[in-house]
Amino acid sequence: ISVDILTIPSISPTATYTSTENCTAANLVLNANLENNQAGLTFEWSGPNGFNSTVENPTIVNATEANNGQYTLLVTTNSGCSVSQATNIIDNIIQQH
């Protein structure tokens, strides 16, 4: 008899935006902060302004105020187990008008 132990990955997503000194657009970096990494994981990020990505740690280049809001990450194993978490970046992105 053989027993396979399935480990569900642990995630703690974060969104980081650092304003520039002259208030021009900067990058918004999303990070899965993945533990229990394993082969065959798929990543599905979704967020404001129609954002979608299948990259583990995507970057939104020149983020604008339209990128403020909640970002959700769904990670699925090759055996079909999944885990989902969300992170917020609310009113952190403000450009000088």
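Student: Which strands form the open sheet with 3 strands, and in what order?

Tutor: The order is β1-β2-β5, and the pairing is antiparallel. A strand here is a DSSP run of E with at least two residues, numbered from the N terminus. Two strands pair if DSSP finds at least two bridges between them. This is a predicted model: local features need pLDDT of at least 70, side-chain atom pairs count only at pLDDT 80 or more, and totals for chains, interfaces and linings use all residues. Residues are numbered from 1 along each chain as its sequence is written, and side-chain values use heavy atoms, with hydrogens and water left out.

Student: Which are the edge strands there?

Tutor: β1 (14–17) and β5 (59–63). Each pairs on one side only. Neighbouring strands of this sheet are turned by 20° against each other on average, direction ignored. For that angle, axes are lines fitted to C-alpha atoms, and angles run from 0 to 180 degrees between N-to-C directions.

Student: How many bridges hold β1 and β2?

Tutor: They pair over 4 bridges, in the antiparallel sense. β2 covers residues 26–31. Ala 15 has Leu 30 in β2 as its bridge partner. Tyr 17 stands opposite Leu 28.

Student: And how many bridges join β2 to β5?

Tutor: 3 bridges, again with an antiparallel run. Leu 28 turns up here too, opposite Ile 60 in β5.

Student: What holds strands together in a sheet, in general?

Tutor: Strands pair through backbone hydrogen bonds, either parallel or antiparallel.

Student: Where is Thr 20 found?

Tutor: In the loop between β1 and β2.

Student: Is Thr 20 buried, partly exposed or exposed?

Tutor: Thr 20 is partly exposed, because its relative accessible area is 27%. Buried means under 20%, exposed over 50%, and partly exposed in between (1.4 Å probe, protein chains only). Leaving aside neighbours within four places in sequence, Thr 20 is in contact with Ala 25 and Ala 26. Contact means heavy atoms within 4.5 Å.

Student: New topic. What is the order of the sheet with 4 strands?

Tutor: β4-β3-β6-β7. That sheet is open, with antiparallel pairing. β4 (51–53) and β7 (82–89) stand at the edges with a single partner strand each, so one side of each has no neighbour in the sheet. The twist averages 15° from one strand to the next.

Student: How many bridges does β3 make with β4?

Tutor: 3 bridges, with β3 spanning residues 42–47. Trp 45 stands opposite Ser 53 in β4.

Student: What about β3 and β6, how many bridges?

Tutor: β3 and β6 (residues 69–76) pair over 5 bridges. In β6, Thr 72 is the bridge partner of Ser 46.

Student: And how many for β6 and β7?

Tutor: 8 bridges, antiparallel. Tyr 71 stands opposite Thr 87 in β7. The hairpin of β6 and β7 has 5 residues between the strands, and Gly 80 takes a positive phi near 95° there.

Student: How many aromatic pairs does the structure hold?

Tutor: The structure holds 1. Phe 51 and Tyr 71 form that pair, edge-to-face, 5.7 Å centre to centre with 70° between the planes. Rings of Phe, Tyr and Trp (its six-membered ring) pair if their centres lie within 6.5 Å; planes under 30 degrees apart count as stacked, over 60 as edge-to-face, the rest as tilted.

Student: Which parts does the pair tie together?

Tutor: Phe 51 lies in β4 and Tyr 71 in β6, so the pair ties parts that are 20 residues apart in sequence.

Student: Are Phe 51 and Tyr 71 buried or exposed?

Tutor: Phe 51 is buried, with a relative accessible area of 15%. Tyr 71 counts as buried at 0%.
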